[in-house]
Every structure is written in structure tokens, then in C-alpha cells.
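Thanks for coming. I will go through one structure today, starting with a term we need and then moving from salt bridges to cavities.

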Amino acid sequence: MKHFFILFLALSIQLSYAQKKYPQSYFANPMDIPIVVAGTFGELRSNHFHSGIDIKTQQKEGIPILAPANGYVYRIKVAQYGFGKVLYVKHPSGYMTVFAHLQRFAPKIQKYVKNIQYNKKSYYTGNLFPEAEKFPVKKGEVIAYSGDTGSSGGPHLHYEIRNSKTDKIINPMHFGLVAADTRHPIIEKLMAFPLDSDSRINNSYQKTTIPIKKLSKGKYVAERFNASGSIGLGISTFDRQDGAMNRNGIYSLEMNVNGKRVYYHDVETFSFAESKYINLLIDYEQYGKYKTRFQKTHKVEKNKLSLYQDLIDDGKLTIQPQENYNVEIIAKDFEGNASVLRIPIKGVASNQIFIEKDTTAHKITASQFNKFEQNGVSIAFPKNSFYYDTYLDFEVKNDTAKIHEPVIPLDKKFTLTFDTSTLSSKEKQQVYIANVNNKKYPKYVRTKKKENKVYTNQKTLGSYTLKLDSILPTVTPVNFSGEQWISKNKTLKVKIKDSESGIKDFRGYIDNSWVLMEYNHKKGILTYDFSDKKLVGSKHIFKIVVSDNVGNTKEYTSTFYRKP
């Protein structure tokens with residue numbers, strides 16, 4: 001009990017020190033509802049750390065977003081994926097706040113954005129940078145409304161605080177934002193890693209999952225294992241806040257060996273430029289195969305993350321024969337709730353002989369440009385695309401290229417090129433490249449075309465194939481039908497869908513004049529708001545033109561009537 005009290009005291013002091021660096025009352029809450037967190041800052045995501053916190057919006061859209069401090073609207077963007085509709089506000093303190101997945105902006109900002117959309121004749125705005133005097137905001141002023149746009153998995157507000165003078169994003173919880181959290185993190189699994197050819201885990205040179213069991217709330221113990229040489233450890237862990245069942249990320253991870261701290265990292269702050277090194281923090285191979293993220297408690301070569309503090313031998317353990325080691329891994333959430341996994345290790349010499357991995361002709365030297373060709377398919381890797389020298393399985397059968405498996409992280413994109421000289425002119429128009437790592441759900445990847453070639457730039461290994469798309473998109477009216485009076489309608493809605501390469505573009509017209517169609521890509525719904533412009537007369541021709549990613553185009557026309 002004394003040991004756990006000391007541990008809790010140390011963690012509390014550490015958190016208190018971090019909070020002193022940031023103002024605690026400068027920013028107000030961005031919404032006037034209880035703060036319930038659906039996603040924590042620094043949470044492990046695919047190829048990046050989560051750059052903000054996700055705040056639940058009571059499973060609905062349209063909750064007012066309030067300026068957390070005085071400032072001005074610095075940047076606005078409307079995109080199909082990513083943040084969707086997003087607003088950036090700069091503050092005189094040197095910080096910037098970000099509000100993403102919005103339903104709409106405050107009226108004056110919404111009008112400004114719509115004017116640009118109509119001038120560009122495009123729903124997507126790109127980055128807009130209004131002058132600082134254009135949209136000043138006061139603390140507590142409504143600046144937008146919560147939504148579900150972009151790559152969100154349901155209604156919520158993604159909220160960030162950035163240092164506007166650097167590229168650092170900072171955990172919003174350090175600024176006094178409070179979310180109820182009395183739960184301890186959950187530790188699910190433990191992995192032990194041999195780190196060189198002389199290392200062994202239970203007489204094996206393979207990484208090994210070590211059984212663990214829960215003793216009580218926040219206390220776990222691992223089955224004792226034997227080891228020798230240089231080894232590393234890693235855990236699969238998550239946290240839950242009060243009032244939510246989301247599997248959120250932890251705040252910090254620490255490891256002590258025989259009472260001495262040898263590893264520590266937390267997610268107080270990081271930069272976008274370093275976020276990709278998450279693939280070296282986790283066991284990427286395990287994630288690629290089983291979608292389970294093990295956070296390593298040792299730092300590997302090439303990992304440039306700035307999260308680490310006071311590492312001893314990069315958190316690697318050197319296990320000597322006949323020695324006993326008492327290891328503790330501590331997972332902590334922002335509120336200081338800690339879970340401790342106790343790991344007993346015994347040093348035992350091994351007689352297991354290391355077997356070198358089989359190699360192929362496709363040897364990768366990380367510091368060099370690497371290119372391979374086979375059966376009309378080529379793969380080209382720029383220098384330092386890989387973090388380490390390795391080898392690849394590369395095989396081409398029936399227009400499908402298997403480029404190893406998605407278990408090796410890449411630092412840069414590679415170019416995959418298919419020869420299409422044997423295709424007819426029509427087939428060349430219809431062809432595209434698809435990722436088929438999931439055979440049931442082929443996924444279009446951005447395909448570029450040259451004469452007799454198609455190519456793509458990708459950052460994930462795996463299987464890719466050529467597919468043909470000759471099927472036109474479909475357009476289905478939702479809240480109207482042809483030759484109908486719809487004077488009471490506030491909107492005009494159609495559903496669009498493409499079963500092959502996917503929707504690329506859409507354009508809506510009323511009486512041959514371009515109109516703005518809001519796109520909900522998750523539901524496939526395009527919506528026109530009749531308040532956008534005044535229609536002349538009662539009879540109107542509505543036309544929608546939808547194109548997929550290979551250029552198949554569907555045109556839908558309908559007549560409707562509406563009182564002037």
C-alpha cells in the first residue's frame with residue numbers, strides 16, 4: 001500500500017508541474033454542455049496520434065460552439081474527408097483553437113463561406129484565410145455548430161489547442177478543461193521482444209505474449225518468464241472516462257526495473273511532423289496482422305518522437321543469467337488514475353540457436369533507391385522510405401501485385417506502376433488501381449494515368465490490383481418526385497452512389513444555374529437549401545451531374561414546382 005501511495009504522489013506532482021506551464025482559466029469550455037470525452041489527446045490512431053480531444057455532443061448535431069477566448073477567425077475549410085467543416089481561431093495569447101467536424105458555421109461566417117462556394121462553383125473550399133479584422137470573436141460568442149462532417153464516426157466536436165508560433169499541439173486538458181474520470185486504465189496484454197540475435201524469451205528468439213491477470217482495481221501481475229540478453233516490453237492498454245464506453249488512449253506510460261525508472265513518455269504535446277513515428281512506438285507488425293496496438297516501453301532506432309523523458313538505455317533491459325528482475329509498467333490517464341502491471345523476470349541462459357530469416361531477391365537497402373519489376377508491374381521506393389534494411393516478398397499474378405504484407409512501416413510513399421498496353425482504349429478509360437488487402441472490400445486508391453501506364457503513390461504495403469469500372473453512378477430523389485409541387489420543402493435532397501471506383505465529383509443546377517449541394521458522404525446525400533437564392537417563377541428544372549473516379553458520368557434531370 002505504501003508503494004502505491006508513493007507512486008500516486010509522484011504522478012500527481014508530475015501532472016501539477018505540467019499544468020503550471022499553461023493558463024488554467026484563459027479558455028472556457030467550447031460548448032455549454034457537460035464535457036464527456038469520446039477520444040483523448042495523443043490517442044493511438046492509424047499512422048498518427050490524435051491531435052485533439054473528441055467531445056460527445058449528446059448523439060446529436062447543432063449544439064452551439066462557443067469561442068473559448070477572445071480572438072479572430074484565422075482559417076476556414078470545407079472538405080469531404082479529414083476534419084470536414086473546420087474553423088481555426090487565433091488568440092492574442094499566442095494559442096490557436098481548432099473546431100472540426102462542424103455542421104455549419106455562425107451566420108456571418110456561413111454567409112462568407114457560401115459566397116466563396118458559389119463563386120468557385122464548388123462545395124469544397126480549400127483553405128480560406130480571411131483578414132484578421134473580418135471575423136473578430138469574443139469569449140463565449142457562438143462561432144459554429146457541432147456536426148458529423150468529414151471522417152468522423154458520429155456526431156462530436158474535435159477540439160484542439162495549438163501553439164500558433166510553433167507546430168506544437170497541446171493537450172487541451174492542461175488548460176483546465178475538466179472531464180469526469182475516476183476509472184483506472186485497462187491493461188489487456190503484455191508482449192516481450194528479443195532485441196538482438198543473442199536475446200531469448202522463454203528459450204525462444206521470437207517475440208512472445210506473456211499471460212497476465214488482474215488482481216484488483218488498477219493492479220495486474222504477469223506470469224514469470226525466463227529471458228536472456230537485451231529485451232524490450234510492450235503492453236496493449238486503453239482507458240475509459242466516466243459516462244462513456246469509448247476505448248480511449250492513456251496519458252502516460254512508465255516502466256521501473258528493480259525500483260528504478262528506465263522509461264517514461266506522456267502526451268502533453270507533440271508536433272504534426274513527428275506524429276508518423278507512432279509506427280515505431282507500437283509493434284507495427286502486430287497491428288498490421290491483428291489490429292492490436294502494443295505500446296513499446298523501449299525506444300527503437302530511427303524513432304524521433306519528442307515524447308520520451310529520462311530514458312535509461314532507451315528502456316531496453318539487459319537480462320543477466322541467474323539474476324531476478326522486478327519490473328513494473330504503469331499506465332496512467334490524465335486525472336492520475338494509474339494501473340500497474342508487475343512483471344517478474346528470471347535471467348536464464350538459453351541454448352536455442354538463432355535462425356536467420358529467409359531472404360528473397362528483393363532486398364531493401366533503406367539508404368538507397370530501390371526498384372523492382374515483374375510481369376508488367378514495377379514498385380519504386382525513394383531513399384529512406386524504410387526505417388531499416390529489410391527484404392520484401394514481391395509477386396505478380398493475374399494483374400494483382402502482392403507487395404509483402406502491411407506489417408512494415410514506411411516513412412515515405414512508394415510508386416506502384418502497372419503496364420496497361422494490352423488494354424483497349426475503352427478499358428484504359430475504365431481501369432483503376434484498388435487495394436485488396438481486404439479481399440471482400442476492394443478499395444479505390446488514387447490512380448494516375450499515362451499512355452500505357454497507370455500508377456499510384458502509397459504508404460502501405462500489401463496487395464493491389466487492376467479493376468475496370470464501366471458502371472455509372474446512380475442518382476435517386478429523396479424528398480421530391482418529378483412534376484411535384486414542393487413549396488413547403490426547405491431543401492432538395494438526392495442520394496448518390498457508385499458501386500465501383502467511388503464518387504469523385506458532383507454538380508447541381510436549377511434552371512441552368514449552379515447551386516450548392518451540401519454533401520454527406522457517409523449517407524451519400526446531397527442537399528440544396530432553398531434559402532440560398534431566390535427562384536423566379538414556379539416551374540423549375542433541377543439537374544444533377546455525378547462522376548466517378550474513372551469518369552463515368554450520370555446526369556439526372558427533374559422538374560419541380562414551387563410558389564414564388
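First the term: a residue is called buried when its relative accessible area is under 20%, exposed when that area is over 50%, and partly exposed in between. Keep in mind that this is a predicted model.

With those cut-offs, take lysine 207. Its relative accessibility is 27%, so lysine 207 counts as partly exposed. Its side chain meets that of glutamate 285 in a salt bridge, at 3.0 Å from N to O. This pair links distant parts of the chain, 78 residues apart: lysine 207 sits in the loop between β15 (200–201) and β16 (208–210), and glutamate 285 in helix α4, residues 284–290. Glutamate 285 is partly exposed as well, with a relative accessible area of 31%. The pair also belongs to a network of salt bridges that links Lys207, Asp283, Glu285 and Lys289.

How many salt bridges are found in the whole structure? The search gives 17. I will show two others.

One is formed by lysine 108 and glutamate 141, whose closest N and O atoms are 3.5 Å apart.

Is lysine 114 buried or exposed? Its relative accessible area is 15%, so lysine 114 is buried. Aspartate 532, at 22%, is partly exposed.

Now the cavities. Rolling a probe the size of a water molecule over the atoms shows where empty space is left. The count comes to two cavities of 30 Å³ or more.

Lysine 114 comes up again in the second largest cavity, whose lining consists of Val78, Lys85, Phe105, Gln110, Val113, Lys114, Gln117 and Glu518. The volume of this cavity is about 40 Å³. Helix α2, residues 107–120, supplies the largest share of its lining, with four residues. By class, the lining has three nonpolar, two polar and three charged residues.

The largest cavity has a volume of about 140 Å³. Sixteen residues line the largest cavity, and those nearest its centre are Thr40, Phe41, Met173, Gln241 and Phe334. Eight residues of that lining are nonpolar, four polar and four charged.

Last, the overall figures. The protein has five helices and 47 strands. Along the principal axes, its C-alpha atoms fill a box of roughly 90 × 65 × 40 Å. Of the 564 residues, 51% are buried. Among contacts with a separation of 6 or more, 69% are between residues 24 or more positions apart.

Note on methods
Residues are numbered from 1 along each chain as its sequence is written. This is a predicted model: local features need pLDDT of at least 70, side-chain atom pairs count only at pLDDT 80 or more; totals for chains, interfaces and linings use all residues. Side-chain values use heavy atoms; hydrogens and water are left out. On a 1 Å grid over the protein atoms alone, a cavity is a set of points where a 1.4 Å probe fits but cannot get out, and a pocket is an open set with protein on both sides within 12 Å along at least five of seven lines; lining residues have an atom within 4 Å of a point. Grid points are joined across faces, edges and corners, and a volume is the space filled by probe spheres set on the points. Ala, Val, Leu, Ile, Met, Phe, Trp, Tyr, Cys and Pro count as nonpolar, Asp, Glu, Lys and Arg as charged, and the others, Gly among them, as polar. Helices (H or I, at least four residues) and strands (E, at least two) are DSSP runs, numbered from the N terminus. A salt bridge is a side-chain nitrogen of Lys or Arg within 4 Å of a carboxyl oxygen of Asp or Glu. Buried means under 20% relative accessible area, exposed over 50%, partly exposed in between (1.4 Å probe, protein chains only). Contact means heavy atoms within 4.5 Å.
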